[in-house]
Amino acid sequence: MYTLESLQQKNLKELKEIGREVNVQPEGDRRLRDNWIDTIAGATLPLLQLLKDSPAEVEPIINK
């Protein structure tokens, strides 16, 4: 979803918004951009986002 390079181009306000989107907050000082970048980059994406980003042409698995 977010690359380290794209996160490094964001300002602190934008990083905080992204943090809210992916439901993460840094454990350290929340005033530091690097803490937000590290936390967001290490976050596991929510399942809904993974489904949204997955290819549209996926064949269903049918159990017999």
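The legends below describe close-up views of a predicted model.

View 1. Helix 2 spans residues 12-21, and its buried residues are L15, I18 and G19. Seen down the helix axis, these buried residues fall within an arc of 105°, so they line one face of helix 2. An α-helix has 3.6 residues a turn, so residues three or four places apart point the same way. On the face turned away from the buried side, helix 2 carries the exposed residues K13, R20 and E21. The cover over the buried residues of helix 2 includes helix 1 (4-8) and helix 3 (33-41).

**View 2. The two ends of helix 2.** At the start of helix 2, N11 brings a side-chain oxygen to within 3.1 Å of the backbone nitrogen of K13. K13 is also among the exposed residues on the face of helix 2 turned away from its buried side. After helix 2 comes N23, which has a positive phi, near 60°.

**View 3. The largest nonpolar core.** Eight residues make up this core: L7, L15, I18, V22, V24, W36, I37 and I40. Helix 2 and helix 3 each supply at least two of the core residues. The largest share, three residues, comes from helix 3. In soluble globular proteins, nonpolar side chains tend to be buried together.

**View 4. Surroundings of I37.** I37 is one of the residues of the largest nonpolar core. Leaving aside residues up to four places away in sequence, I37 touches L4, L7, Q8 and L15. Among these, L7 and L15 also belong to the largest nonpolar core.

**View 5. Y2 and its contacts.** Y2 lies in the segment before helix 1. With a relative accessibility of 28%, Y2 counts as partly exposed. Not counting residues up to four places away in sequence, Y2 touches L7, I18, E21 and I40. The side chains of Y2 and E21 are joined by a polar contact of 3.0 Å. Y2 and I40 are 38 residues apart in sequence, while their C-alpha atoms are 8.1 Å apart in space.

**View 6. The salt bridge between D29 and R31.** The count of salt bridges comes to one. D29 forms a salt bridge with R31, and the closest N and O atoms of the pair are 2.9 Å apart. Side chains of opposite charge can pair when their charged atoms come close. D29 is partly exposed, with a relative accessible area of 29%. R31 counts as exposed, at 66% relative accessibility.

Terms used
Residues numbered from 1 in each chain as written. Predicted model: local features only at pLDDT ≥ 70, side-chain atom pairs only at ≥ 80, totals over all residues. Heavy atoms only, no water. Buried < 20%, exposed > 50% of the residue type's maximum accessible area, 1.4 Å probe, protein only. Helix = DSSP H or I, 4+ residues; strand = E, 2+ residues; numbered from the N terminus. Arc of directions from axis to C-beta. Contact = heavy atoms within 4.5 Å. Polar contact = N/O pair within 3.5 Å; in protein donor to acceptor, adjacent residues only side chain to side chain. Core = buried A, V, L, I, M, F, W, Y, C linked by side-chain atoms within 4.5 Å. Salt bridge = Lys/Arg side-chain N within 4 Å of Asp/Glu carboxyl O.
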